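My notes follow in the order I checked things.

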Amino acid sequence: MAKTYSYAAQNAKDSLKPFTFERRAPGADDVQIDILYCGVCHSDLHTARNEWNNTLYPSVPGHEIVGRVTAVGTDVSMFKVGDLAGVGCMVDSCQHCASCAEGEEQYCENGFTGTYNGPVFGGENTFGGYSDSIVVKEKFVLRISHDDSNLAAVAPLLCAGITTYSPLHHWKVGPGKKVGVVGLGGLGHMAVKIAHAMGAHVTLFTTSPTVFNLIFKRRSLAGSLIGGIQETQDMLDFCARHGIVSDIEMIDIQGINEAYERMLKGDVKYRFVIDMDSLKKESHAA
């Protein structure tokens, strides 16, 4: 077990504050990561404030994680100490249902385990990336091949990037295709960048298309939830090849509550990213 420093919500109303807990020691198939940067997703705010009525407290949000490997288990083969690594929205799934077998762990029929707030269908709580380190099964750790001079801007790819890449990839966006993006926020600006790199013509909308744009040509809408681990790795590699990162504003962990309020007002272009060195300095001073 290792003492881990973090910021957590203790209930739905109070601000996030320093919180200490124990991470498990790395097992045979685990990778331990020193967290360098963690993106701030609107899902973090929804969870911290229990807006989806499913929050397990204390809640340590954060699922856009970039860091450096500090230890690996005896069975780990894809990572070594010193490697850059990422962790996205999931840290486990059942691994035996049809969805998992197809590499679609996000649709695990028994419920994937979120990087924070535990398994989808209930279970022991999990603590996310607003912390100084994390231990994750190798299968759910991503390789980072971007230039390490801009790692902070890579962090949002682990959620905002895959959330937009997955439907674009699934519906085979490419040259000659048109893509409409509604809103230019944390996800929207990533959709524009990725669709453009795929060769599509991109159109921005300030509001959703009206129903008449759908019914007159029997068009349809469909949903998409992040992406599987292999697709997330494909997305990271694609973005590295094309030099795609998020547009970010860096903050210290001590400013997370203010960042939440600004995010609600749309006062960020386009993603907050926490410099986790600010947490480490606080913990060392404590």
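**Salt bridges**

For a salt bridge I need a side-chain nitrogen of Lys or Arg within 4 Å of a carboxyl oxygen of Asp or Glu. I am working on a predicted model, where local features need pLDDT of at least 70, side-chain atom pairs count only at pLDDT 80 or more, and totals for chains, interfaces and linings use all residues. Residues are numbered from 1 along each chain as its sequence is written, and side-chain values use heavy atoms, with hydrogens and water left out.

I started with Arg262, which forms a salt bridge with Asp267, with 2.9 Å between the closest N and O atoms. Glu249 joins these two, and Glu249, Arg262 and Asp267 make up a network of salt bridges. For exposure I use relative accessible area: buried is under 20%, exposed is over 50%, and partly exposed is in between (1.4 Å probe, protein chains only). Asp267 has 39%, so I put it down as partly exposed.

How many salt bridges does a search of the whole structure find? I get eleven.

Next I looked at Lys80, which pairs with Asp83 in a salt bridge whose closest N and O atoms are 2.9 Å apart. Lys80 is exposed at 53%, whereas Asp83 is buried at 19%.

Then I checked Lys280 and Asp34, whose side chains meet in a salt bridge at 3.1 Å, N to O. Helices (H or I, at least four residues) and strands (E, at least two) are DSSP runs, numbered from the N terminus. On that numbering, Lys280 sits in helix α8 (residues 277–285) and Asp34 in strand β3 (residues 30–39), so the pair links distant parts of the chain, 246 residues apart. Lys280 counts as buried at 13%, and Asp34 is partly exposed at 25%.

**Aromatic pairs**

My rule here: rings of Phe, Tyr and Trp (its six-membered ring) pair if their centres lie within 6.5 Å; planes under 30 degrees apart are stacked, over 60 edge-to-face, and the rest tilted. The structure has four such pairs.

Phe19 and Phe127 have ring centres 5.8 Å apart and planes at 75°, so I noted the pair as edge-to-face. This pair also links distant parts of the chain: Phe19 is in strand β2 (residues 17–23), and Phe127 is in the loop between β7 (113–114) and β8 (133–137), 108 residues apart. Phe19 is buried at 18% relative accessible area, and Phe127 also counts as buried, at 18%.

I then turned to Tyr165 and Phe238, whose ring centres are 5.8 Å apart with planes at 55°, so the pair is tilted. Tyr165 is in helix α3 (residues 160–170) and Phe238 in helix α6 (residues 229–242), so the pair ties together parts 73 residues apart in sequence. Both Tyr165 and Phe238 are buried.

**Helix α3 against α6**

That pair sent me to the two helices. Axes here are lines fitted to C-alpha atoms, for helices over the stretch in contact, and angles run from 0 to 180 degrees between N-to-C directions. The axes of α3 and α6 come within 10 Å and cross at roughly 100°.

How are α3 and α6 oriented to each other? I call them roughly perpendicular, going by these cut-offs: under 35 degrees is roughly parallel, over 145 roughly antiparallel, 65 to 115 roughly perpendicular, and the rest oblique.

I listed contacts as heavy atoms within 4.5 Å. From α3 the contact uses Gly161, Ile162, Tyr165, Ser166 and His169, and from α6 Glu231, Thr232, Asp234, Met235 and Phe238. By class, the contact has four nonpolar, four polar and two charged residues. For the classes, Ala, Val, Leu, Ile, Met, Phe, Trp, Tyr, Cys and Pro are nonpolar, Asp, Glu, Lys and Arg are charged, and the others, Gly among them, are polar.

I found a cis peptide bond between Tyr57 and Pro58, with omega about 0°. Pro58 is in the loop between α1 (42–48) and β4 (65–72). The peptide bond from Lys269 to Tyr270 is cis as well, with omega near -10°. Tyr270 lies in the loop between α7 (256–264) and β13 (271–275).

I also noted positive phi values. Lys172 is not a glycine, yet its phi is about 55°. Lys172 lies in the loop between α3 and β10 (178–182) and is exposed at 64%. Ile226 has a positive phi near 35°, again in a residue other than glycine. Ile226 is in the loop between α5 (212–215) and α6 and is buried at 8%.
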